[in-house]
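Hi everyone, thanks for coming.

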Amino acid sequence: MLSWLPRNVSTFGGDIDSIFTLIYYIVGIWFVATQVFLLYCLIRFRRRDGQKSDYTPGNTMSQMMWILIPCALVLVLDLWIEFRGADVWAKVKINQPAPQVVVRLTAKQFNWIFTYPGPDGKFGTKDDKKFQNDMHVPVNKVVRLILTGEDVIHSFFVPEMWLKQDVVPGREIPAWFEATEPGKYEIPCAELCEAGHTGMKGFLYVHPEAEYKSWVAKNWPGS
Ligand SMILES: [Cu+2]
């Protein structure tokens with residue numbers, strides 16, 4: 001059903017998809033049920049010779065039940081979606097796991113600038129290193145991003161990672177992901193951020209552990 005979406009290589013991608021699937025089935029079943037009922041009514045109560053139309057004000061309890069029961073059902077199903085959705089929201093946005101790699105991201109017209117803290121693990125020190133539009137991370141590790149912006153609102157989007165987060169100037173917004181497969185994934189900006197918007201893209205390189213270590217060794221020699 002979700003085969004037109006990009007390949008999911010994110011640990012929480014399946015949780016997000018499960019909400020889509022839940023909504024799809026609930027809405028789908030209601031759609032079919034109401035259409036079948038509508039068709040039945042059209043045929044069963046069609047115009048016939050000698051039969052007068054009936055005015056139904058709907059103020060007896062048995063008539064009102066036709067409204068109240070479906071209403072209650074819809075409310076229960078809605079709450080089901082709410083609670084399941086809140087669980088996934090908490091997992092993806094609120095209870096962020098302890099990271100093994102931390103990267104600061106600064107978005108500006110029309111670049112992603114990734115800052116790595118270097119071997120000391122601290123930002124704002126001499127061994128910090130900036131990369132334009134290229135992000136490198138190891139596979140199967142929790143990566144935390146701290147997103148900031150310099151000018152307008154941008155949106156950091158990695159479709160395969162099921163991750164999209166607005167970047168708002170003046171704020172530091174944390175996000176995270178854990179990639180399950182090595183590869184090269186596009187990072188488009190998903191916010192119309194001015195004329196150069198369509199050219200604002202970077203790449204996320206997910207490396208196997210050893211390859212990531214050699215990338216680190218190359219960029220911080222002697223570390
Ligand atoms: Cu942008």
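Is Cys193 buried or exposed? Its relative accessible area is 4%, so Cys193 counts as buried, since the cut-off for buried is under 20%. Please keep in mind that this is a predicted model.

Now, what does Cys193 do here? Its SG atom is one of the protein donors of a copper ion. Along the chain they follow the spacing H-x34-C-x3-C-x6-M. His154 and Cys193 link distant parts of the chain, 39 residues apart. His154 sits in strand 6, residues 154-158, while Cys193 is in the loop between strand 9 (183-188) and strand 10 (201-207). His154 is buried too, because its relative accessibility is 0%.

What arrangement do the four donor atoms make around the copper ion? The angles run from 92 to 124°, which makes it tetrahedral.

Let's zoom out to the whole protein. You'll find three helices and ten strands, and from the N terminus the order is α-α-β-β-β-β-β-β-β-β-β-β-α. The C-alpha trace spans about 95 × 35 × 30 Å along its principal axes. The radius of gyration is 26 Å, whereas a compact globule of 223 residues would have one near 17 Å. Buried residues make up 32% of the 223.

Notes. Residues are numbered from 1 along each chain as its sequence is written. This is a predicted model: local features need pLDDT of at least 70, side-chain atom pairs count only at pLDDT 80 or more; totals for chains, interfaces and linings use all residues. Side-chain values use heavy atoms; hydrogens and water are left out. Donors are N, O and S atoms within 2.8 Å of the metal (3.2 Å for Na, K and Ca); water is not among the atoms, so sites may look incomplete. Four donors count as tetrahedral if all angles lie between 85 and 135 degrees; four count as square planar and six as octahedral if opposite donors are over 155 degrees apart and all others between 65 and 115; anything else is irregular. Helices (H or I, at least four residues) and strands (E, at least two) are DSSP runs, numbered from the N terminus. Buried means under 20% relative accessible area, exposed over 50%, partly exposed in between (1.4 Å probe, protein chains only). The radius of gyration is taken over C-alpha atoms; the globule rule is 2.2 Å times the number of residues to the power 0.38.
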